[in-house]
Amino acid sequence: MKINRAILPPGRIGLAVSGGSDSVALAFLLTKGGKKKNAAERFVILHVDHGLRPESKEEYRFVRALARRLGVAFKGCHATVVPARGESLEMAARRVRLAFFSTCVRTLKLDAIATGHHMDDVAETFLMRIRRASGPEGLAGIKERTQVGTITFVRPLLGCRDAELKDYLRKYGETWREDASNDDTSIERNKVRHRVIPFLEQHLDPNLVPHIAKITRLLTQQK
């Protein structure tokens with residue numbers, strides 16, 4: 001696995017942990033090693049219970065317990081997601097999440113928030129944006145560092161495959177929470193993940209995902 005720890009600022013960092021395999025692996029990879037005291041001072045796990053699924057409260061408890069096991073602080077919230085006029089549920093959830101992160105940046109004095117986006121997310125986003133005829137900026141997709149208002153997001157796992165992160169957790173006997181909606185192929189991203197990419201890997205290029213990741217890096221460098 002290729003983890004870009006160099007992208008992390010030297011100060012305090014929030015770890016956005018949903019309970020899924022990618023974010024749980026992020027928490028373990030960034031807090032593992034070094035002195036426990038340093039991890040406790042540097043990292044805080046952030047979690048939003050959007051209240052949209054019956055299992056969300058259990059996921060909240062799972063992430064809170066994970067933070068306790070890792071010896072780092074935990075900050076979570078139970079949100080109520082109500083879409084504004086003309087706003088989708090997904091957009092409303094993102095708005096609520098960003099508001100929570102913005103508050104955490106201010107009150108916890110965070111220099112950045114790290115997310116568990118990985119190489120497969122990059123490839124999925126690229127293919128979805130091809131369908132929308134996006135230009136070079138859009139096709140560059142998920143970047144290692146972005147700024148949204150007062151929030152600096154960093155993504156140190158873009159060099160890792162989803163399967164690698166799951167294998168890492170299994171190796172150490174760690175578990176995660178699966179969102180059942182991730183198997184719903186009526187959702188565009190899930191269709192790309194479960195049908196389109198496996199088909200293209202089988203019939204076009206077995207290294208499709210890392211090749212797309214390389215293209216997105218080149219597009220970013222051309223800016």
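This is a predicted model: local features need pLDDT of at least 70, side-chain atom pairs count only at pLDDT 80 or more; totals for chains, interfaces and linings use all residues.
Student: Why is H5 called roughly perpendicular to H9?

Tutor: The axes of helix H5 (residues 119-131) and helix H9 (residues 208-221) cross at roughly 75°. Angles of 65 to 115 degrees count as roughly perpendicular, so H5 is placed in that class relative to H9. The two axes come within 9 Å.

Student: Which residues in H5 and H9 meet?

Tutor: From H5, Met119, Asp120, Val122, Ala123, Phe126 and Leu127 take part; from H9, Val209, Pro210, Ile212, Ala213, Ile215, Thr216 and Leu219. By class, the contact has 11 nonpolar, 1 polar and 1 charged residues.

Student: How many aromatic pairs does the structure hold, and why is the pair of Phe100 and Phe101 called tilted?

Tutor: There are 4 aromatic pairs. The ring centres of Phe100 and Phe101 are 5.9 Å apart and the planes stand at 45°. Stacked applies under 30 degrees and edge-to-face over 60, so this pair is tilted.

Student: What makes the pair of Phe101 and Phe153 edge-to-face?

Tutor: The angle between the planes is 70°, and over 60 degrees counts as edge-to-face. The centre-to-centre distance is 6.1 Å. Phe101 lies in helix H4 (residues 89-107) and Phe153 in strand E6 (residues 151-154), so the pair ties together parts that are 52 residues apart in sequence.

Terms used: Residues are numbered from 1 along each chain as its sequence is written. Side-chain values use heavy atoms; hydrogens and water are left out. Axes are lines fitted to C-alpha atoms, for helices over the stretch in contact, and angles run from 0 to 180 degrees between N-to-C directions. Helices (H or I, at least four residues) and strands (E, at least two) are DSSP runs, numbered from the N terminus. Angles under 35 degrees count as roughly parallel, over 145 as roughly antiparallel, 65 to 115 as roughly perpendicular and the rest as oblique. Contact means heavy atoms within 4.5 Å. Ala, Val, Leu, Ile, Met, Phe, Trp, Tyr, Cys and Pro count as nonpolar, Asp, Glu, Lys and Arg as charged, and the others, Gly among them, as polar. Rings of Phe, Tyr and Trp (its six-membered ring) pair if their centres lie within 6.5 Å; planes under 30 degrees apart count as stacked, over 60 as edge-to-face and the rest as tilted.
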